[in-house]
Amino acid sequence: MNNFKPLSQPLLKIFSIAELHHAYWKEFCDACYAHFGFETNEIRTYEQKYETFCHCKCFVTEEDGYEEKLLAVAEEDLRQLKTLEAWFYSQNESIDIIPSLYIFIRKIWTLKVKVRNDRQLISYICPRCMNIDYFQYLLNENIRFTQKAINWQSIREVLENSTDYALLKEMMTEEEFNHYTEDFEHLEELEDGLSFKYNQADESISTIIDIILGNQIPDFNRELHELIAVLPKSNDCPNGSELKAFLFRLFMSYEESLPEIKLMLEEYPSPLNFVEMQKERNNLIQKFSETNLGKHWIQWMEYKDGIKHVAHYFMRHRNDFTEKEERDFFFTLDKIAIINDILMGECKKYWLEINYPDEWFTMETTDNIEVTSDNAVIPQNCTEAIVKVMEPTFTLTNKAVMNSRKQIVKAASVINLTANVQVAMLMAISIDVEAIRSGTKCIDFIRALIGIGVLKYSDDKAIENMSDGMNKKLRTWERNKEHVSSNLPDYLLWKNKKDKKIGEKIYKAMTTEEL
């Protein structure tokens, strides 16, 4: 059977979408998270919000393009509102006029929220020019029902209907409702000294209808005018907005390819599905590199801040490619990244339960290293420990992104793996550089090393014995650790000179691409 063949270090960096998510999630979250409509009342951290975002993207299928997913106003909605306006203004009877008004006002409320949502997002998203005349959807502010109402019911008569009463109360502020529905006769004095008895409840219901429309329609038109003011007049992206607009598309296209990948996993029996996925990943990279957008991505993403150059090119050349080419670019990029994550053992990241084939991770071929194991079978808990323990990548102080598994394999090659103390050193440095998760237990780290073929599995007792030896050494370091603030690697704070020398070798192997 073909074994897992990881991407080279340059390709891993090029297709490391997770690193971009980590770097730019906060900015995207601040601008867009509230517009997703996730139901949550508690205060949540950025990490929790990211998990919610990924989970919902994984389980909710949306067919709209990335630009439309948060833009709420559809032209059809506006057409329906204008049709509803014409229908409502055609009413000539007061019977059922309040339910009709409520239907009209509810539609205005709904669209007003959508218009405000889009106005806030347009500058962030920078969508293509839509060439829609939004002015035609402004509502008429000049029609008055009091001018045409003849023999309509009085306010008092309408309020006797409990449904009309409730609907009016919802459409008006409490102060307005109490004032205009007050059923009380009082004396009104005119400027010439004359006076007359007046009761508001005797007035035609058309009075209240005009008041409600006079409040709601100008407010809606103002919101629509403000949206029109920020709508793009061309496909050009404003200076300085290229990166955030590109990142919006990157986040919104995340996990779009997952249904296809799930189908591939189900379509082929194991281990053929993994072999086919590996072929698919390699074919996609080849095809991706042959497209104009993909070529620029591969060319620039090897470099620090390459994403900024890609974003500038993408947003400044949108007239050179179609919307389909845009979507294919992000979809392919997403598919390559997810397939590679799954092949590397990161299936739980996408809420997938996968039993990896035996020996899938027992041979790992990298640019210059081949790690082999003569294990006949690797226990399932050792395979699972890879995902539990290891981060996909870690970032050095110089911003270089390293493949955790590859670097751990390399670092393991410079130590005596039969010495519990040295394996403990490998674990300590792996935590320090964040190649493995903080709080990892020794026994899980050992199992992960077995899972990637660094250590040979004999039996569970041997794992427990090694774990006990490592724990003793780690506790010794913890007791003797000098509690000083330092940006230096932790191994430099070890007091034992021999330990420090071995630690230096491990750290060098862990943080350089070549030994």
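Trainee: Where do glutamate 276 and lysine 279 lie?
Mentor: Both are in helix H12 (residues 272–289). They are 3 residues apart, about one turn of the helix. Keep in mind that this is a predicted model.

Trainee: How far apart are the closest N and O atoms of glutamate 276 and lysine 279?
Mentor: They are 3.7 Å apart, and the two residues form a salt bridge. Side chains of opposite charge can pair when their charged atoms come close.

Trainee: How many salt bridges does the structure hold?
Mentor: There are 26. One of them joins the side chains of glutamate 223 and arginine 116, at 2.9 Å from N to O.

Trainee: What does glutamate 223 do with arginine 119?
Mentor: Glutamate 223 forms a salt bridge with arginine 119 too, with the closest N and O atoms 3.3 Å apart. Arginine 119 is in helix H5 and glutamate 223 in helix H9, so this pair ties together parts 104 residues apart in sequence. Arginine 119 is partly exposed, with a relative accessible area of 24%.

Trainee: And lysine 112, where is that?
Mentor: Lysine 112 is in helix H5. Lysine 112 is buried, with a relative accessible area of 9%.

Trainee: What does lysine 112 touch?
Mentor: Leaving out residues up to four places away in sequence, lysine 112 touches Gln216, Asp219, Phe220 and Glu223.

Trainee: New topic: aromatics. How many aromatic pairs are there?
Mentor: A search of the whole structure finds 32. One is tryptophan 300 with tyrosine 313, an edge-to-face pair with 6.0 Å from centre to centre and 70 degrees between the planes.

Trainee: Why give both a distance and an angle?
Mentor: Because a pair of aromatic rings is described by the distance of the centres and the angle of the planes.

Trainee: Which helices hold tryptophan 300 and tyrosine 313?
Mentor: Tryptophan 300 is in helix H13 (residues 292–300) and tyrosine 313 in helix H14 (residues 306–316), 13 residues apart. Tyrosine 313 counts as buried, at 13% relative accessibility, whereas tryptophan 300 is partly exposed, at 23%.

Trainee: Which residue lies over the face of tyrosine 46?
Mentor: Lysine 49 does, at 5.8 Å from the ring centre.

Trainee: Last one, the nonpolar core. Which members of the largest one touch the most others?
Mentor: Leu168, Leu213 and Trp297, out of 106 residues in that core. Helix H5 (residues 97–125) gives the largest share, 13 residues.

Trainee: What does leucine 213 touch?
Mentor: Not counting residues up to four places away in sequence, leucine 213 touches Phe88, Tyr89, Leu101, Phe104, Ile105, Phe145 and Pro218. Another core lies apart from the largest one, with 40 residues, including Ile378 and Cys442.

Conventions: Residues are numbered from 1 along each chain as its sequence is written. This is a predicted model: local features need pLDDT of at least 70, side-chain atom pairs count only at pLDDT 80 or more; totals for chains, interfaces and linings use all residues. Side-chain values use heavy atoms; hydrogens and water are left out. A nonpolar core is a set of buried Ala, Val, Leu, Ile, Met, Phe, Trp, Tyr and Cys residues joined through side-chain atoms within 4.5 Å. Buried means under 20% relative accessible area, exposed over 50%, partly exposed in between (1.4 Å probe, protein chains only). Helices (H or I, at least four residues) and strands (E, at least two) are DSSP runs, numbered from the N terminus. Contact means heavy atoms within 4.5 Å. Rings of Phe, Tyr and Trp (its six-membered ring) pair if their centres lie within 6.5 Å; planes under 30 degrees apart count as stacked, over 60 as edge-to-face and the rest as tilted. A charge sits over a ring if NZ of Lys or CZ of Arg is within 6 Å of the ring centre and within 35 degrees of the ring normal. A salt bridge is a side-chain nitrogen of Lys or Arg within 4 Å of a carboxyl oxygen of Asp or Glu.
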